[in-house]
Amino acid sequence: MHLYNLTVQTPTAITHAVVGNFSGARQQELVLSRGTRLELARLDPQTGKLSTVIASDVFGSIRSLAAFRLTGGSKDYAIVGSDSGRIVIFEYDPQTSSFVKIHQETYGKSGSRRIVSGQYLATDPKGRAVMISAMEKTKLVYILNRDAAARLTISSPLEAHKANAIIHHVVGLDVGFENPTFAALEVDYTESDQDTTGEAFSNAQKMLTYYELDLGLNHVVRKWSEPTDPRANLLVQVPGGQAASSDRYDGPSGVLVCCEDHIVYRNMDAPQHRVPIPRRNYPFQDDERGLIITAAVMHKMKGAFFFLLQSEEGDLYKVTIEHEEQEVKALKIKYFDTVPVASSLCIMKSGFLFVAAEFGNHHLYQFLKLGDEDEEREHSSTDYPSFGMADPNVPLPRALFRPHVLENLALVDELESLNPIIDCKVLNLLPNAGTPQTFAACGRGSRSTFRTLRYGLEADEAINVDLRGIPTSVWTTKLKEDDQFDAYIVLSFIYGTLVLSVGETITDAEDSGFLTTSPTIAVQQIGVDGLLQVHPHGIRHILPDKRVNEWQAPPEKMIVNATTNKRQVVVALNSGELVYFELDLEGQLNEYQDRRAMGSTILSLSVAEVPEGRQRTPYLAVGCEDQTVRIISLDPENTLEVISLQALTAPPSSVCIAEILDASLNRAQPTTFVNIGLQNGVLLRTVLDPLNGQLTDTRSRFLGTRPVKLIRVVLHGNPAVLALSSRTWLNYTYQNMMHFIPLIYENLESAWTFSAELVPNGFIGVSRSVLRIFHITKLGSKLKQDVIPLDNTPRKFVAHPANGYFYLIESDHRAYSASAAEQELERLRATGKEFDKEILDLPQREFGRPKAPAGIWSSCIRIIDPVEGRTVRVVELDNNEAAFSIAAVPFAARDNVLHLVVGTAQDTFLSPRSCTSGFLRTYKFVEDGRGLELLHKTEVDDVPLAILGFQGRLAAGVGKSLRLYDIGKKKLLRKVENKNFPSTIVTLNTQGSRLLVGDMQESIHFAVYKPPENRLIIFADDTQPRWITTTTMLDYNTVVAGDRFGNIFVNRLDPKVSDQIDDDPVGAGIMHEKGILMGAPHKTSLLAHFHVGDIITSLHKLSMVTGAREVIVYTGLHGTIGVLVPFISKEDVDFISTLEQHMRTEQLSLVGRDHLAWRGYYVPVKAVVDGDLCEMFSRLLPHRQSVIAGELDRTVGEVLKKLEQLRVMAIGF
């Protein structure tokens, strides 16, 4: 078995975000880390939209990211710390639109290790030095400078290590142009290690330490170290140093130390200031639970600065410091607004706040005001004795506030994110969808969502109008060449033509000059200010003064086809003749004296647009009924001569010549493609040589069941091609690479480019009798998401095999359910206590719910209709039960009627895991599956994490035990049990009498049920311990699984052992076999292994393309969706494996990680080729492509064609 890994959806989580002028222009951009990818995003201040400029796989794990600018420079650089054991500085090159690695310095081993730096990055605000730190002991400082040619230089590392010290955070201090200084939060564990009583551990102090880089001595010294709050978790840089233009100080310097429930200002030889973190004034919540700051950002303005700190509940606090020169007078804090909990906050100078959310969609906000004039209470350190530091060990009085809907910020854009995908199903449920849809349960807490993902481009409809007739074609045209917007919409019907005028509204056009009593074949704005209409009986050239020059078709002949551009017109007569016209310099349309007889019925024609500065385009493509496409010269020297010919497998229904940029073929200029649509629904794409007119590099794909119709359109100023079949497809360029993606929209019979004030970059199309105007905005997103909001974190869901509904379980720890919250309120009312009722009416989706003590759960079962995209019903669980597993089980004892079984646990604690009691709830489907009726609850002794229907019974993994249950009248009846599993059962799969059991820590076990002896017997397991997250069976003996460390692996049982087990009727032979390696008597062998870099949450075996082979679809926690495609032939394996080896030598990792080591992180990669790496072949420089292709005995085009074929055959686009 050999597999080919392809990423369908890259990770959508953002782990780090930094802002800066990375392109060198006066425009701020964001560099985003998505765990294993780096992206550059640019903000359009006019529209408030973020767009991705470039995205790059780094083939490594990004641990930290920082931006810096050299003193006096105008461009920002980015530093990345990763698991490569190297520090990498890179810049964005606008010329090539790529990240360019400037420096790569090795300092340690690869991998995410405790004492290898890379976890924390801190830069000097003046860009003179950077500190890169590990989680323990190691801190390295690099000096940054310029050489004589003004190029960035980096020094050798200077050590600032401290043995036996755990580092919690590192930040660069703002000290102006004094020696660069860094602050670190450290805990020394020397005594704790040696003290067995635990007293030293409880007395361990957290130290705030300053490290100074002496630029004169080229040495790092520990300058100052003082104990700070033991629960400090975050440091925030405070501005300082003298302003460049005056003697005034920018700020007091120092740091804000974010602790539990408090913020403390600290600096060397300066008094401390402490303020409490305000908390929500809920009438009931867990008051013993502290509040910490999880994200922070500082923003400097002219003569002022402020901080935005975010708590773990999502509340933003504005923190300001009153100071005179370097002396702090007061530290002030007040509630600002509430946004999703962020992993990074970025403030942009144009007045925007970017929130890279920990979970769910990322948000871009615009500042409406800075919260200075609102009535929110401000808490100052001067309100407390000794600035709040009278007794640092005693907490300050609680500060309370009531959250409010956004007042200071306004949401302007949202980046969709699937993070985290907790469970997923891939099914084809939606009508006319083509490819299967992905249904994903995503999110955490009250912002959780259930998403339906469809592969394709999302089209936003602006207008749709019923025409009361069915048009055959639609065009739009401008009046003059340099007009910005279209003036007319022309619709052709079988018996006539309708012309509409485009203005503020769309109305019937009067005196347009078009012939309306005949159908139209083509419309073109020709020359500088003329219009052209081709109809079956002739050509109308409409001049600006509405005079018409008409060319009549020869007697007894009709025009059946036409193609036009701004200077040329070619028409085909029903006699099989071509008539060619060209615009002269006076603006008159002249017919070429000869006509060309093709010898076959002409089905389609196409000429390209006239290149800028040229008189004409030299080639014409003609599709004939004899299943050929011919390229005909329009050059004056050999006009209408056939240059080349392409034989086809079916008659061509449409031909389209388009010049589209594809950097994989030519980076410098657009490539001329001849697109040929066949009547059997296949599209051929061939490259037309601009010098000799020959056709090369033909690629094909199946688009749909209807004949393909091709239209050349303009998309955001660039040429593109619409292909209309039973689905609508778009061929376009995005980030210099060509894409061919279906539109998720109504099937169109005809379409054209549309440009008006309302829709400046849109399309107009006809779908039966409806005229539709739409536009496409998200060119970078290949997934359309339909979202259903959820109340709690989703855990698992199952599909009903008959009614198509989904049954989803949700559960949240430390959250009150609706009934529990009502009980708390009743208790408060009974005591007569007054409380703020309005705070409870705030929308829970934005603000969450009050935090409950540990062991309190909110849980429910939700019935979802995926076709309608709605929640049908929610069944809340009572008695503080939380749902952990779900299965639809046909019980043989009830005539195989389907029941829903939900595994729950009461009063569950997570660490260590315990519960009062577990339950198996059995429900009967009522109202055709729209409701559930509880039949009974069966008590079990542990949390049931995995349940499954098995041979008309229920298989349940309860803690370490595997049990089979049958249904009874009052509860489920336990029939058989096996308690010999090592830790906890988390997954179950079955085929026949075989059960595959995924153990939480000890990989996969093969078990078999023997009915004569009523035994469950483990007969095989794995040789390696693995922390299993999800499994699925590929066949009777083969299983694919994912683990918590981002690996996918395939295990297979020896077929001889399998047959031996099946042939043993009672299992006596297995019972007496001796175990191997303290486990089962047989071991599975490893067939394939691959490190994805994201925790695998679901695996599915299915065919993504109708009629194609089955693939393995996987989803990852960070929003990754990928496929593993089995190779068909040995030749493919050898070819792609050799290509991968060549690509590894190209050193494409931006963070300096070795690709082979990355993909074999924990176990060497085996029998899996990295398709993401192979597809980077298209981005290589042309000479490198030629060298690699030569080594493979192929042309560059053949390599690219093979890679495209693998992707299209696997996922359809």
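Q: Leaving aside its neighbours within four places in sequence, which residues is Thr1097 in contact with?
A: Thr1097 is in contact with Ile421, Ile422, Thr1030, Thr1115, Gly1116 and Leu1117, where contact means heavy atoms within 4.5 Å. This is a predicted model, in which local features need pLDDT of at least 70, side-chain atom pairs count only at pLDDT 80 or more, and totals for chains, interfaces and linings use all residues. Residues are numbered from 1 along each chain as its sequence is written, and side-chain values use heavy atoms, with hydrogens and water left out.

Q: Is Thr1097 buried or exposed?
A: Thr1097 is buried, because its relative accessible area is 13%. Buried means under 20% relative accessible area, exposed means over 50%, and partly exposed lies in between, using a 1.4 Å probe and protein chains only.

Q: Where is the place of Thr1097, and in which strand?
A: Thr1097 is in strand S89, residues 1096-1102. Strands (E, at least two residues) and helices (H or I, at least four) are DSSP runs, numbered from the N terminus.

Q: What does the side chain of Thr1097 reach?
A: The side chain of Thr1097 reaches the backbone oxygen of Ile421 at 3.1 Å.

Q: Changing topic: where is Val708 found?
A: Val708 is in the loop between strand S59 (695-702) and strand S60 (709-715).

Q: Does Val708 count as buried or exposed?
A: Val708 counts as buried, because its relative accessibility is 2%.

Q: What does Val708 touch, not counting residues up to four places away in sequence?
A: Among the residues that Val708 touches are Ser653, Ser654, Gly677, Leu678, Ala723 and Leu724.

Q: Which residues is Ile463 in contact with, leaving aside its neighbours within four places in sequence?
A: Ile463 is in contact with Leu758, Leu771, Arg772 and Ile773.

Q: What does UniProt list for residues 464-775?
A: In an unreviewed entry, UniProt lists those residues as "domain: RSE1/DDB1/CPSF1 second beta-propeller". UniProt positions are given in the numbering used here, feature names are shortened, and annotations may be inferred rather than shown by experiment. In the model, residues 464-775 are 0% helix and 54% strand, and the end C-alpha atoms lie 12 Å apart.

Q: Which residues does the "domain: RSE1/DDB1/CPSF1 C-terminal" annotation cover?
A: That UniProt annotation, also from an unreviewed entry, covers residues 859-1178. The span is 12% helix and 49% strand, with its end C-alpha atoms 49 Å apart.

Q: How many cavities of 30 Å³ or more are there?
A: The count comes to 2 cavities of 30 Å³ or more. On a 1 Å grid over the protein atoms alone, a cavity is a set of points where a 1.4 Å probe fits but cannot get out, and lining residues have an atom within 4 Å of a point.

Q: What lines the largest cavity?
A: The largest cavity is lined by 16 residues, of which Thr7, Thr36, Val1092, Arg1159 and Asp1172 lie nearest its centre. Strand S1 (3-9) and helix H8 (1155-1159) are the elements that give two or more residues to this lining.

Terms used:
1 Å grid on protein atoms, 1.4 Å probe; cavity = no way out; pocket = protein on both sides within 12 Å on 5 of 7 lines; lining within 4 Å. Points joined across faces, edges and corners; volume = space filled by probe spheres on them. Polar contact = N/O pair within 3.5 Å; in protein donor to acceptor, adjacent residues only side chain to side chain.
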